Amino acid sequence: MTVATRQWRERLSVPAYRVADAARYAGTTTQTVNNWQRAVISDREAGKALSYLQLVELGVVAAMRKQGVTLKTIRKTRLYLAEEFGSQFPFAEYRFKTDGRELMMDSEVLAPEVRNKLIVVSENGQFAWKEVLAKLLRQFEYSDEDDGIVVRWKLDGDDSPIIIDPRICFGEPQVGGVPTWTIRERWVSGEGLKDIATDYDIEPHLVSSALKFEGIPIDLKRPNTWAN
């Protein structure tokens, strides 16, 4: 393991995300974050900052809820996986799928001899066919290493340019390697869209996406000082 890899992995468990920011990333409220922590995740005191792994678990719970999975099912699944894998953060480490009722994962994870099936982990390991799938949780990308942790979270869906990656910008939301808050500050200081894009060597649409994510209205008529 390289020094750089060791450094970003050491940061995975460090509290670094405010509850208000975590709620915004997950598209919910701070009260809901605290409720989910008490009802589902329970590895953090309400109101305290979240680590990257806790943040990803929150994001996975949010994605599951948007697909209609109940908190009861989510909680039962997490308890099962935590015990089965001995994992403190199972939702941040394994690929999940859902049909809107149950949570599933590839059968090879729990039963390597079984192929092309899913295990209904919310029912403690029963099998289900892949055809029942309605949607993948595609906004989460996983490491190819043995632990398979989430290394990229596309915050606004699988086509989103707004990404949290613990290996880039210390895990802050970013576009093209530029933190969104940096782009916000440049815009607030009066710089134009093309000025910012040229300075960071990114496309203007990424600047626009970052500003939208930061809740900043964009004035397309604002003049640029030097970018063509």
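**Rings and strands, explained**

User: Are Tyr25 and Phe213 buried or exposed?

Analyst: Both Tyr25 and Phe213 are buried (under 20% relative accessible area; exposed is over 50%, partly exposed in between; 1.4 Å probe, protein chains only). This is a predicted model: local features need pLDDT of at least 70, side-chain atom pairs 80 or more, while totals for chains, interfaces and linings use all residues. Residues are numbered from 1 along each chain as its sequence is written, and side-chain values use heavy atoms, without hydrogens or water.

User: How many aromatic pairs are there?

Analyst: The count is 2. Rings of Phe, Tyr and Trp (its six-membered ring) pair with centres within 6.5 Å; planes under 30 degrees apart are stacked, over 60 edge-to-face, the rest tilted.

User: Why is the pair of Tyr25 and Phe213 called stacked?

Analyst: The centres are 5.9 Å apart and the planes meet at 25°, so the pair is stacked. Tyr25 is in helix H2, Phe213 in helix H9, 188 residues apart.

User: What makes Phe140 and Trp153 a stacked pair?

Analyst: Their centres lie 5.7 Å apart with planes at 25°, so this pair is stacked. Phe140 belongs to strand S6 and Trp153 to strand S7. Phe140 and Trp153 are buried.

User: How do you know that S7 is largely enclosed?

Analyst: 4 of its 5 residues are buried, so the rest of the structure largely encloses S7.

User: What makes S6 and S7 paired strands?

Analyst: Pairing needs at least two DSSP bridges. S6 and S7 have 3 and run antiparallel.

User: Which charge sits over the ring of Phe213?

Analyst: The charged end of Arg24, 4.7 Å from the ring centre. The rule asks for NZ of Lys or CZ of Arg within 6 Å of the centre and within 35 degrees of the ring normal.

How values were computed. Helix = DSSP H or I, 4+ residues; strand = E, 2+ residues; numbered from the N terminus.
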